[in-house]
Each structure stands twice: as C-alpha cells, then as structure tokens.
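Welcome to a short tour of one protein model. Have the structure open beside you, and let us walk through a few of its contacts together.

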Amino acid sequence: MMLKKSHGIHFKLYSMLLFTIPGTPTYYYGDELALKDYKTTTKPLMRWDKSQFAGFSNNVPWILPNKDKLPPPVMQQASEPLSALSLYRILGKIRKEEPPLQYGDFHLMINTTTVLSYIRQWDRLGILIILNFGGQYTFDFTAVYLPPTALLLAKSTDISQCKLVSLHNMKIEANMGYILKYFIAA
C-alpha cells in the first residue's frame, strides 16, 4: 500500500533529500512511517500492527491510536516495497554503501522553483540526485559534463533499481525523485 495523498505527495522527495545532502540524516520519531498524528498529541503512538492498541501496549495507552488518520503499521510497511519504511531502509542502505554520499563534495546542478538537482562526488564516483516537485521536464545532463548513462539506485515511486538510464535529454517525471550513480573516466 503506497502512502495516501493525505500523507503528502512530496514526502518521499523530502526523504531522498534528507539522505543525500551533506551531513547526518536526522529525523524524528515516526518520520520513517510518515506518522503525522500531532493534532491530538505531540507524541503519537507508533503503530506496530493492526491490533486494538496498535501493538503499542496490551493495556489501554495514554492516548488511543486514530487508525483512520495514521499510515499503515510497521508490520504492514515492512513487507511492502513502496512503503515509507521501505524507502527509508533503501535510502539508508544507499547512503551506507555509497562513499560520495558519506564523504563527497556537493555541487548544485539545477535549482528552480520545482526542480532541485545536485551531485555528490568522491574520487571517480558520482551520485546524481534529481528531485522534481512539479510537472514533467526534460534535461540534458550530458551538457554539464556528466556521462551519457548512469545506474538508477532509487526512484521515489517504484522499485526499478539497477537499470541504466540515459542522461541525454532525460525525461524527469512529475513529482519524482531519482538517485543515479555514475563513474568518472580517467
């Protein structure tokens, strides 16, 4: 089950930004589930499962979980590849395995009102991040000395990883985020 639109169409793009900019990714309790029940309390209950008290307690907790307003519970999101939790796990794995995201330089590529794109580069390895908060666009990333193709590491709306993507006149889908890996020739 994908996130409901009420949980924010851009939630996954902001998550991709958080894990790919320089510095330590810092997020709050429940962000990895898209937990946003702060209207009734500043500390909403983590929904672990679909039981009466959401797996939080066997007894009545200090606040009852509002099951209609909350995203799917942890147990459900853990098995769904398009869930917020799965995205956080993928982004954490990519950040851990890719040196440019840990140590690399930051270079801004595109900064408009709807598109943010930057590269993180370390040694002969680069990561291109594209975050599109608007409509569909086409960009030629090879015009800024990037290679003609890159390996797709993550996409914000599906699990189509590990495929080659052409950076020449690349079609950037509306409200979509991409993390692409490329190699720099000697």
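## A polar contact at His10

In this predicted model, the side chains of His10 and Asn175 make a polar contact at 2.8 Å. The two residues lie 165 positions apart in sequence, yet their C-alpha atoms are 7.0 Å apart in space.

His10 sits in the segment before helix H1. Setting aside neighbours within four places in sequence, His10 is in contact with Phe133 as well as Asn175.

## How H1 meets H3

Just after that segment, we can turn to the helix itself. Two packed helices are described by the angle between their axes and the distance between the axes. For H1 (residues 11-20) and H3 (residues 84-97), the axes come within 10 Å and cross at roughly 20°. Angles under 35 degrees count as roughly parallel, so H1 is roughly parallel to H3. Their crossing is right-handed.

Which residues make the contact? From H1 come Phe11, Lys12, Ser15, Met16, Leu18, Phe19 and Thr20, while H3 supplies Ala84, Leu87, Tyr88, Leu91, Gly92 and Arg95.

Side chains of opposite charge can pair when their charged atoms come close. Searching the whole structure gives three salt bridges. One pairs Glu97 with Lys93, with the closest N and O atoms 3.5 Å apart. Glu97 and Lys93 are separated by about one helical turn, because they are four residues apart in helix H3.

Conventions. Residues are numbered from 1 along each chain as its sequence is written. This is a predicted model: local features need pLDDT of at least 70, side-chain atom pairs count only at pLDDT 80 or more; totals for chains, interfaces and linings use all residues. Side-chain values use heavy atoms; hydrogens and water are left out. Axes are lines fitted to C-alpha atoms, for helices over the stretch in contact, and angles run from 0 to 180 degrees between N-to-C directions. Helices (H or I, at least four residues) and strands (E, at least two) are DSSP runs, numbered from the N terminus. Angles under 35 degrees count as roughly parallel, over 145 as roughly antiparallel, 65 to 115 as roughly perpendicular and the rest as oblique. A crossing is left-handed if the near helix is turned anticlockwise from the far one by less than a right angle, and right-handed if clockwise. Contact means heavy atoms within 4.5 Å. A polar contact is a pair of N or O atoms within 3.5 Å; within protein, one must be able to donate a hydrogen and the other to accept it, and residues adjacent in sequence count only if both atoms are side-chain atoms. A salt bridge is a side-chain nitrogen of Lys or Arg within 4 Å of a carboxyl oxygen of Asp or Glu.
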